[in-house]
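Have a look at the model first.

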Amino acid sequence: MKIKVVSFNIRCQDDENGHSIKERAPRLKMILDDVDADIIGFQECRNDWETIIPNDYGDKYEIFLVHRGDDESNPILWRKDKFDCLQKGVFWLSDTPEKISKGWDERFDCYRICMYAILQDKHSGKKFCFMNTHYGFGDKCQTDSSDLIYKYNKQITDLPTLITGDFNMFPSTLGYKQVTKYYRDVNKATLNYTGTTFHNYAPETENEHIDYCFINEKIKPINTVLLDQNFDGKYPSDHFGLYFELEL
């Protein structure tokens with residue numbers, strides 16, 4: 001069974017020069033309508049997006065959204081016509097993951113979470129676990145978050161698992177080395193794109209590759225596509241999205 005996956009940091013607030021959320025949302029929808037993903041992991045969803053996402057995607061996708069302790073979330077979406085949700089939940093990237101709590105972020109005093117859903121394909125009956133997260137900053141934060149996600153993954157299920165997110169880490173960092181002890185980087189195994197994923201509305205930005213999809217050994221990586229479209233020089237976000245094709 002093949003799965004089409006998107007990870008997209010959609011930028012939490014309004015920006016200047018044609019990059020308010022209201023202006024960016026139609027660009028995002030055009031891109032996502034084109035790729036027709038089975039599942040989507042968003043990051044940096046705040047209040048204005050919480051009105052737009054159900055309106056733009058609610059007919060096609062089931063939406064699971066939990067605030068992390070402030071007004072931000074990393075919602076996950078899956079096709080209503082393709083999957084049944086057997087289990088869903090959230091845990092905090094902290095020393096007390098079962099409680100709303102701040103963790104190890106070394107730069108910002110904010111909450112970090114991982115959301116997950118166990119989905120079953122309506123046609124084949126195949127099951128898998130979809131996780132979506134947004135890491136904090138710093139080596140300890142990212143290595144500890146990687147360890148915790150792997151631990152929770154093992155507690156939740158032994159099913160095929162994929163993890164999307166903005167991980168705020170480069171392939172050269174300790175956090176990346178830690179997470180790839182447990183999981184495989186889909187981009188590295190396929191496209192091997194080495195450019196930026198966070199561009200801050202400046203496409204010449206370099207060395208800011210921080211968005212990924214990781215998979216366990218029960219999933220086969222097929223393809224990666226950088227969603228780098230712009231509309232007369234205007235973007236849907238300050239990140240590029242990533243589209244992945246996987247096989248269970």
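## The pocket

By class, the largest pocket is lined by nine nonpolar, eight polar and 12 charged residues. (Ala, Val, Leu, Ile, Met, Phe, Trp, Tyr, Cys and Pro count as nonpolar, Asp, Glu, Lys and Arg as charged, and the others, Gly among them, as polar.) Its volume is about 570 Å³, meaning the space filled by probe spheres set on grid points joined across faces, edges and corners. Of its 29 lining residues, Glu-44, Arg-107, Phe-108, Phe-137 and Asn-168 are the closest to the centre.

A pocket here is an open set of points on a 1 Å grid over the protein atoms alone, where a 1.4 Å probe fits, with protein on both sides within 12 Å along at least five of seven lines; lining residues have an atom within 4 Å of a point.

## Where it comes from

This is a predicted model: local features need pLDDT of at least 70, side-chain atom pairs count only at pLDDT 80 or more, and totals for chains, interfaces and linings use all residues. Residues are numbered from 1 along each chain as its sequence is written, and side-chain values use heavy atoms, with hydrogens and water left out.

## Helices α1 and α2

Helix α1 (residues 21-35) packs against helix α2 (residues 47-57) at about 30°, the axes being 11 Å apart. (Helices are DSSP runs of H or I, at least four residues, numbered from the N terminus; axes are lines fitted to C-alpha atoms over the stretch in contact, with angles from 0 to 180 degrees between N-to-C directions.) The contact has seven nonpolar, no polar and four charged residues.

Definitions and conventions:
Helices (H or I, at least four residues) and strands (E, at least two) are DSSP runs, numbered from the N terminus.
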